[in-house]
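The following note is intended for a colleague who is meeting this structure for the first time. Please read the numbered points with the sequence and the model at hand.

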Amino acid sequence: MTASPPDLLPEGLADRLPGEAALLTQAMRRALDVLASHSYARVRPPLIEFEHSLAQRMAGLSPQRMFRFVDPQSLMTLALRADMTPQVGRIAATSLAAAPRPLRLSYAGEVAVIRADQLDPARQRLQLGAELIGADTVAAAGEIALLAVEAAEAAGARGITVDFTLPDLVDHLAAEGVPAGDLAAIRRELDAKDAGGLAVAGGEEWAPLLHAVGPFDAALARLRAWERAHLLASRLDGLAAIAERIGARARLTLDATERHGFEYQSWFGFTLYAANIGGALGRGGTYRIGGSDEAATGFSLYLDPLVDTLGAEDQAEAVHTLFLPLGHDPAIAARLRAIGWCTVAALDESDNPARLGCTHRLAGGEPVAV
Amino acid sequence: MTRAVPLTFAVPKGRILDEALPVMAKAGIVPESAFSEPASRSLTFPTTRVDMRLIRVRAFDVATFVAHGAAQAGIVGSDVIEEFDYSDLYAPVDLGIGRCRLSVAEQEAGAASIDRASHVRVATKYPAITRRHFAARGIQAECVKLNGAMEIAPALGLAGRIVDLVSSGRTLAENGLVETDRVLDVTARLVVNRAALKTDPRVGAIVEAFRAATAEPA
């Protein structure tokens with residue numbers, strides 16, 4: 001039997017060492033500041049909850065993807081959160097059920113899944129987001145989409161693309177009478193943008209939706225030109241209004257049949273992409289909170305991939321580190337810290353300012369460059 | 001913003017490629033001459049477009065490169081797309097080339113010596129598709145993953161059946177196998193990476209070019 005090295009971390013889990021940890025913390029803080037400035041009040045739900053309570057509000061994520069175990073106290077199944085949105089939904093439906101609507105809440109914390117995605121080996125991620133509870137109107141969707149862009153910008157994302165989608169489009173059109181033989185197959189092929197597969201599934205009628213993909217204005221025009229577009233008029237007008245609100249702050253695209261990550265959203269959804277990041281940076285949309293069936297709009301960002309793209313220029317204001325020799329005046333040191341210096345106090349005579357990464361040393365009550 | 005980065009277009013080695021080159025040419029993707037030199041051991045090739053290069057890899061790897069975004073677009077059979085079922089792989093254009101089918105085959109005498117009613121052993125390059133196909137019929141398929149020459153597996157008792165690509169059926173016949181069920185009709189597809197399609201207008205342009213190239217009569 002081969003013994004596993006005791007200090008190996010399990011697959012998909014990693015330490016963030018000082019440089020990266022500082023960048024990630026800074027990205028999170030700046031994004032949270034944006035949310036706070038729009039009066040989204042931070043909530044901090046626990047890491048672990050009863051599985052049934054998480055599961056009933058997370059239609060998008062299978063409970064099988066959560067770490068689960070039995071609670072020795074209650075003998076019920078507990079789960080480690082894989083998504084914080086259902087927790088915020090629970091808070092809105094319980095503790096804050098009587099709070100005035102619309103209710104603006106924000107959150108940030110680690111989430112974990114038991115098995116990683118096909119393409120991303122990470123099993124733990126930092127999730128940050130905001131939920132506007134009690135509204136899923138065009139105005140609410142516009143506020144959330146713009147807020148997501150602003151938070152992503154503040155976190156350091158560059159070259160942001162917002163990809164709009166209409167998550168319940170296929171169900172809506174099928175309900176309005178667009179012929180759909182095998183609806184599940186049509187939904188799958190539209191999702192995969194598989195023109196050949198769509199024809200096999202008997203969904204030729206739906207093919208124009210595959211072409212309504214790309215830069216927002218052009219794709220919207222193509223969608224409006226579709227003979228079935230009258231069934232979508234209010235949705236398309238809503239999209240146009242949201243797009244106008246974001247304006248030139250981000251590149252806008254439309255993919256009406258995108259379903260990835262939109263299993264529980266209703267009429268509106270969006271995905272956020274940023275330059276030099278392979279996958280999505282975040283997503284959001286309108287939905288109904290499981291259980292209470294209250295309307296809500298929200299978004300989540302996953303900031304970890306940003307760290308690799310944040311360079312020196314995004315580093316927190318160039319840090320000046322001041323070496324405090326033995327016997328320095330603690331009052332002076334405290335005053336300098338108060339105006340932004342970081343200090344490193346000597347522990348013994350042999351401490352060397354340069355080796356400790358200090359840019360300055362305290363001499364005669366003043367910082368002197370090392 | 002991403003304009004400076006060259007696009008990478010992945011094509012599979014082998015049979016599909018000969019049929020794919022004319023379609024690619026219609027869509028404006030023409031490899032430089034080094035591509036057709038049989039002696040060339042290169043894996044990447046320049047094209048007549050300065051901002052695009054080709055890579056030539058195994059069919060299964062085309063899907064992997066594109067799904068991970070290492071290549072933005074490529075050409076691969078629908079068999080490979082179905083096998084991986086990558087959520088980040090879009091197949092927006094059916095190129096109508098490389099036609100064949102993925103089928104179940106067994107020895108003329110049947111597979112009874114190995115298989116039972118609810119459990120079969122299958123030699124295949126496509127374990128995911130095979131499991132799904134049999135699961136839909138309430139049968140647990142135990143897959144023996146082989147990378148080639150599945151046809152000899154039944155005769156040697158490795159597996160009762162095989163699931164493999166069939167075009168003429170000659171290889172099956174020569175190995176004493178008969179086709180018993182058709183799993184999937186296969187054609188080559190243009191595939192693109194989802195995030196690349198959303199963020200890089202050039203990828204959308206490639207999709208449009210291939211759509212136009214396949215729309216006009218051959």
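1. Across the interface of domain 1 and domain 2 of chain B, five residue pairs are in polar contact, both residues of each pair being at pLDDT 80 or more. A polar contact is a pair of N or O atoms within 3.5 Å; within protein, one must be able to donate a hydrogen and the other to accept it, and residues adjacent in sequence count only if both atoms are side-chain atoms. On the side of domain 1 of chain B that touches domain 2 of chain B, helix H3 (residues 78–84) of chain B gives the largest share, four residues. That side comprises one nonpolar, three polar and five charged residues. Here Ala, Val, Leu, Ile, Met, Phe, Trp, Tyr, Cys and Pro count as nonpolar, Asp, Glu, Lys and Arg as charged, and the others, Gly among them, as polar.

2. The model is predicted, so local features need pLDDT of at least 70 and side-chain atom pairs count only at pLDDT 80 or more, whereas totals for chains, interfaces and linings use all residues. Residues are numbered from 1 along each chain as its sequence is written, chains are lettered from A and ligands numbered from 1 in the order in which they are written, and side-chain values use heavy atoms, with hydrogens and water left out.

3. In chain B, the assignment gives domain 1 (7–98 + 187–215) and domain 2 (100–185); such bounds come from an automatic or database domain assignment. Taken over C-alpha atoms, the centres of domain 1 and domain 2 of chain B are 29 Å apart. Nine residues from domain 1 of chain B and ten residues from domain 2 of chain B make the contact (heavy atoms within 4.5 Å).

4. Between these two domains of chain B about 820 Å² is buried, 51% of it from carbon and sulfur atoms. Buried area is the accessible area (1.4 Å probe) that two parts lose on being put together, summed over both. Asp79(B), Glu82(B) and Glu83(B) supply 57% of the area that domain 1 of chain B buries against domain 2 of chain B, more than any other three residues. One salt bridge is counted between the domains of chain B (a side-chain nitrogen of Lys or Arg within 4 Å of a carboxyl oxygen of Asp or Glu). Glu82(B) forms a salt bridge with Arg132(B), with the closest N and O atoms 3.8 Å apart.

5. What does chain B bury against chain A? The two chains bury about 2000 Å² between them, with 52% on carbon and sulfur atoms, and 23 residues of chain B contact 26 residues of chain A. Tyr90(B), Arg194(B) and Lys198(B) supply 28% of the area that chain B buries against chain A, more than any other three residues. Five salt bridges cross the interface of chain B and chain A. Lys198(B) also forms a salt bridge with Asp163(A), the closest N and O atoms being 2.6 Å apart.

6. Chain A has an open sheet of nine strands in the order S1-S5-S6-S12-S11-S10-S7-S9-S8, with mixed pairing. Strands are DSSP runs (E, at least two residues), as helices are (H or I, at least four), numbered from the N terminus; two strands pair if DSSP finds at least two bridges between them. Strand S1 (41–42) and strand S8 (213–215) of chain A stand at the edges with a single partner strand each, so one side of each has no neighbour in the sheet.
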